[in-house]
Amino acid sequence: MFRITQIASEHVRAGLHSGSEPLDRYFHQQVSQDVRRRVTACFVAIASDQRIAGYYTLASASVLLHELPEEIGKKLPRYPSVPTVRMGRLAVDRTFKGQGLGGALLADALTRAARNEIAAYALVVDAKDEIAADFYRHHGFIALPNALLTLFLPLATIKSLNK
Ligand SMILES: CC(C)(COP(=O)(O)OP(=O)(O)OC[C@H]1O[C@@H](n2cnc3c(N)ncnc32)[C@H](O)[C@@H]1OP(=O)(O)O)[C@@H](O)C(=O)NCCC(=O)NCCS
(Lines give C-alpha, C1' and ligand atoms only; values in the text may rest on other atoms or scores of the structure.)
Protein backbone atom coordinates (compact mmCIF):
# COMPACT_ATOMS: atom_id res chain seq x y z
CA MET A 1 0.00 0.00 0.00
CA PHE A 2 2.93 2.36 0.70
CA ARG A 3 6.43 2.52 -0.73
CA ILE A 4 9.12 3.88 1.60
CA THR A 5 12.04 5.56 -0.12
CA GLN A 6 14.69 8.24 0.34
CA ILE A 7 13.34 11.76 -0.29
CA ALA A 8 14.05 13.10 -3.79
CA SER A 9 13.57 16.46 -5.54
CA GLU A 10 10.54 15.23 -7.53
CA HIS A 11 8.55 14.54 -4.34
CA VAL A 12 5.82 17.14 -3.71
CA ARG A 13 6.32 18.04 -0.05
CA ALA A 14 3.67 20.76 0.26
CA GLY A 15 0.74 18.32 0.46
CA LEU A 16 1.71 16.70 3.77
CA HIS A 17 -0.39 17.78 6.79
CA SER A 18 0.21 15.77 9.94
CA GLY A 19 -1.61 18.04 12.37
CA SER A 20 1.70 19.13 13.90
CA GLU A 21 2.62 22.55 12.55
CA PRO A 22 6.37 22.36 13.42
CA LEU A 23 6.73 18.91 11.80
CA ASP A 24 4.88 20.07 8.67
CA ARG A 25 6.81 23.34 8.42
CA TYR A 26 10.12 21.53 8.75
CA PHE A 27 9.13 19.12 5.97
CA HIS A 28 7.82 21.88 3.67
CA GLN A 29 10.62 24.39 4.17
CA GLN A 30 13.77 22.95 5.71
CA VAL A 31 14.31 19.26 5.08
CA SER A 32 15.76 19.51 1.54
CA GLN A 33 18.46 21.91 2.69
CA ASP A 34 19.33 19.67 5.66
CA VAL A 35 19.57 16.62 3.37
CA ARG A 36 21.81 18.55 0.93
CA ARG A 37 24.11 19.51 3.79
CA ARG A 38 24.14 15.91 5.10
CA VAL A 39 22.92 16.90 8.55
CA THR A 40 19.97 14.54 8.16
CA ALA A 41 18.57 11.81 5.95
CA CYS A 42 14.86 11.76 5.18
CA PHE A 43 12.64 8.87 4.12
CA VAL A 44 9.10 9.26 2.80
CA ALA A 45 6.12 6.92 2.44
CA ILE A 46 4.50 7.22 -0.99
CA ALA A 47 0.85 6.21 -1.32
CA SER A 48 -0.57 4.48 -4.39
CA ASP A 49 -1.75 7.86 -5.77
CA GLN A 50 1.88 9.15 -5.40
CA ARG A 51 1.01 11.45 -2.47
CA ILE A 52 3.48 11.66 0.40
CA ALA A 53 1.71 9.96 3.30
CA GLY A 54 4.43 10.35 5.94
CA TYR A 55 8.11 10.94 6.61
CA TYR A 56 10.88 10.45 9.13
CA THR A 57 14.43 11.73 9.54
CA LEU A 58 17.57 9.90 10.66
CA ALA A 59 20.98 11.23 11.71
CA SER A 60 24.00 10.09 13.68
CA ALA A 61 24.00 10.96 17.36
CA SER A 62 25.25 9.80 20.73
CA VAL A 63 23.98 9.41 24.27
CA LEU A 64 26.08 9.91 27.38
CA LEU A 65 26.50 6.62 29.20
CA HIS A 66 25.27 8.10 32.49
CA GLU A 67 22.01 9.23 30.79
CA LEU A 68 20.95 5.61 30.18
CA PRO A 69 19.10 3.66 32.87
CA GLU A 70 21.75 2.38 35.30
CA GLU A 71 21.04 -1.33 34.76
CA ILE A 72 21.57 -0.90 31.00
CA GLY A 73 24.55 1.46 31.21
CA LYS A 74 26.51 -0.84 33.52
CA LYS A 75 26.51 -3.58 30.84
CA LEU A 76 28.13 -1.27 28.26
CA PRO A 77 31.84 -0.36 27.85
CA ARG A 78 33.05 2.45 30.11
CA TYR A 79 33.30 5.08 27.36
CA PRO A 80 31.73 8.47 28.14
CA SER A 81 29.09 8.04 25.40
CA VAL A 82 27.54 5.40 23.14
CA PRO A 83 26.88 5.91 19.43
CA THR A 84 23.24 6.03 18.34
CA VAL A 85 21.03 6.84 15.37
CA ARG A 86 18.48 9.59 16.09
CA MET A 87 15.04 9.68 14.52
CA GLY A 88 14.48 13.39 15.05
CA ARG A 89 11.08 13.58 13.35
CA LEU A 90 8.27 11.22 12.39
CA ALA A 91 4.94 12.33 10.95
CA VAL A 92 1.98 10.73 9.19
CA ASP A 93 -0.47 12.75 7.11
CA ARG A 94 -3.85 13.10 8.86
CA THR A 95 -5.72 11.21 6.12
CA PHE A 96 -3.45 8.17 6.57
CA LYS A 97 -3.41 7.96 10.38
CA GLY A 98 -4.50 4.80 12.15
CA GLN A 99 -3.68 2.54 9.18
CA GLY A 100 -0.39 1.19 10.49
CA LEU A 101 1.82 3.65 8.61
CA GLY A 102 3.45 5.22 11.69
CA GLY A 103 4.39 1.73 12.89
CA ALA A 104 5.66 0.81 9.40
CA LEU A 105 7.84 3.95 9.22
CA LEU A 106 9.25 3.21 12.67
CA ALA A 107 10.02 -0.41 11.66
CA ASP A 108 11.70 0.87 8.49
CA ALA A 109 13.88 3.27 10.52
CA LEU A 110 14.85 0.50 12.96
CA THR A 111 15.74 -1.85 10.10
CA ARG A 112 17.88 0.78 8.35
CA ALA A 113 19.68 1.68 11.59
CA ALA A 114 20.27 -1.99 12.48
CA ARG A 115 21.57 -2.87 9.00
CA ASN A 116 23.96 0.10 8.88
CA GLU A 117 27.59 -1.03 8.66
CA ILE A 118 28.56 1.78 11.03
CA ALA A 119 27.70 0.62 14.52
CA ALA A 120 25.08 2.27 16.67
CA TYR A 121 23.89 0.99 20.02
CA ALA A 122 20.28 2.19 19.77
CA LEU A 123 17.69 4.13 17.82
CA VAL A 124 16.89 7.25 19.83
CA VAL A 125 13.71 9.24 19.27
CA ASP A 126 12.57 12.69 20.36
CA ALA A 127 8.89 12.58 21.21
CA LYS A 128 7.23 15.95 20.76
CA ASP A 129 4.81 15.35 23.65
CA GLU A 130 3.46 12.70 26.03
CA ILE A 131 1.10 11.28 23.36
CA ALA A 132 4.01 10.70 20.99
CA ALA A 133 6.03 9.18 23.86
CA ASP A 134 3.14 6.71 24.39
CA PHE A 135 3.38 5.71 20.72
CA TYR A 136 7.07 4.89 21.16
CA ARG A 137 6.55 3.08 24.49
CA HIS A 138 3.85 1.02 22.75
CA HIS A 139 6.63 -0.13 20.40
CA GLY A 140 9.02 -1.09 23.20
CA PHE A 141 11.07 2.12 23.55
CA ILE A 142 12.48 3.02 26.96
CA ALA A 143 12.64 6.62 28.24
CA LEU A 144 15.90 8.17 29.45
CA PRO A 145 15.38 8.57 33.22
CA ASN A 146 16.14 12.32 33.20
CA ALA A 147 14.60 13.21 29.82
CA LEU A 148 11.31 11.34 29.54
CA LEU A 149 10.54 12.59 26.00
CA THR A 150 13.79 11.05 24.72
CA LEU A 151 13.39 7.31 24.27
CA PHE A 152 15.62 4.56 22.89
CA LEU A 153 15.47 1.00 21.64
CA PRO A 154 18.69 -1.09 21.58
CA LEU A 155 19.37 -2.23 18.01
CA ALA A 156 20.74 -5.62 19.09
CA THR A 157 17.06 -6.55 19.59
CA ILE A 158 16.34 -5.78 15.94
CA LYS A 159 19.45 -7.54 14.61
CA SER A 160 18.36 -10.78 16.25
CA LEU A 161 15.08 -10.53 14.32
CA ASN A 162 16.98 -10.23 11.03
CA LYS A 163 19.29 -13.23 11.49
C1 LIG B 1 2.28 9.28 16.13
C2 LIG B 1 1.96 8.92 14.67
C3 LIG B 1 3.27 8.91 13.88
C4 LIG B 1 1.30 7.52 14.64
O5 LIG B 1 1.06 7.17 13.29
P6 LIG B 1 -0.17 6.24 12.84
O7 LIG B 1 0.05 5.86 11.42
O8 LIG B 1 -1.45 6.90 13.17
O9 LIG B 1 0.02 4.99 13.82
P10 LIG B 1 -0.20 3.44 13.44
O11 LIG B 1 -1.55 3.30 12.79
O12 LIG B 1 0.96 2.95 12.67
O13 LIG B 1 -0.19 2.76 14.86
C14 LIG B 1 0.67 1.67 15.12
C15 LIG B 1 0.40 1.18 16.51
O16 LIG B 1 0.68 2.24 17.45
C17 LIG B 1 -0.45 2.48 18.26
N18 LIG B 1 -0.50 3.92 18.52
C19 LIG B 1 -0.69 4.92 17.63
N20 LIG B 1 -0.60 6.12 18.25
C21 LIG B 1 -0.39 5.84 19.57
C22 LIG B 1 -0.21 6.64 20.73
N23 LIG B 1 -0.20 7.97 20.67
N24 LIG B 1 0.00 6.02 21.92
C25 LIG B 1 0.03 4.66 22.01
N26 LIG B 1 -0.12 3.85 20.95
C27 LIG B 1 -0.31 4.43 19.74
C28 LIG B 1 -1.63 2.00 17.44
O29 LIG B 1 -2.73 1.67 18.27
C30 LIG B 1 -1.06 0.79 16.75
O31 LIG B 1 -1.04 -0.30 17.65
P32 LIG B 1 -1.09 -1.85 17.16
O33 LIG B 1 0.01 -2.03 16.12
O34 LIG B 1 -0.84 -2.63 18.40
O35 LIG B 1 -2.45 -2.02 16.56
C36 LIG B 1 0.96 9.91 14.04
O37 LIG B 1 -0.20 9.98 14.84
C38 LIG B 1 1.48 11.35 13.84
O39 LIG B 1 2.05 11.66 12.80
N40 LIG B 1 1.26 12.22 14.86
C41 LIG B 1 1.66 13.64 14.76
C42 LIG B 1 3.14 13.78 14.84
C43 LIG B 1 3.78 13.00 15.99
O44 LIG B 1 3.26 12.95 17.09
N45 LIG B 1 4.95 12.40 15.72
C46 LIG B 1 5.61 11.55 16.71
C47 LIG B 1 7.04 11.88 16.88
S48 LIG B 1 7.42 13.53 17.35
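**View 1. Asp126 stands opposite Thr150 in strand E8.** This is a predicted model, in which local features need pLDDT of at least 70, side-chain atom pairs count only at pLDDT 80 or more, and totals for chains, interfaces and linings use all residues. Residues are numbered from 1 along each chain as its sequence is written, and side-chain values use heavy atoms, without hydrogens and water. Strand E8 covers residues 147–154 and pairs with E6 in the antiparallel sense. Five bridges link E6 and E8. Two strands count as paired if DSSP finds at least two bridges between them.

**View 2. Val124 of E6 is the bridge partner of Arg86.** Strand E4 spans residues 81–87. E4 and E6 run in the parallel sense, with four bridges.

**View 3. Strand E6 is mostly covered.** E6 holds residues 122–126, and four of its five residues are buried. Buried means under 20% relative accessible area, exposed over 50%, and partly exposed in between (1.4 Å probe, protein chains only). Across the 163 residues of the protein, 43% count as buried.

**View 4. The protein has five helices and eight strands.** Helices (H or I, at least four residues) and strands (E, at least two) are DSSP runs, numbered from the N terminus. Along the sequence, the pattern reads β-α-β-β-α-β-β-α-β-α-β-β-α. Contacts are heavy atoms within 4.5 Å. Among contacts in the protein with a separation of 6 or more, 63% join residues 24 or more positions apart. The C-alpha atoms fill a box of roughly 50 × 30 × 30 Å, taken along the principal axes.
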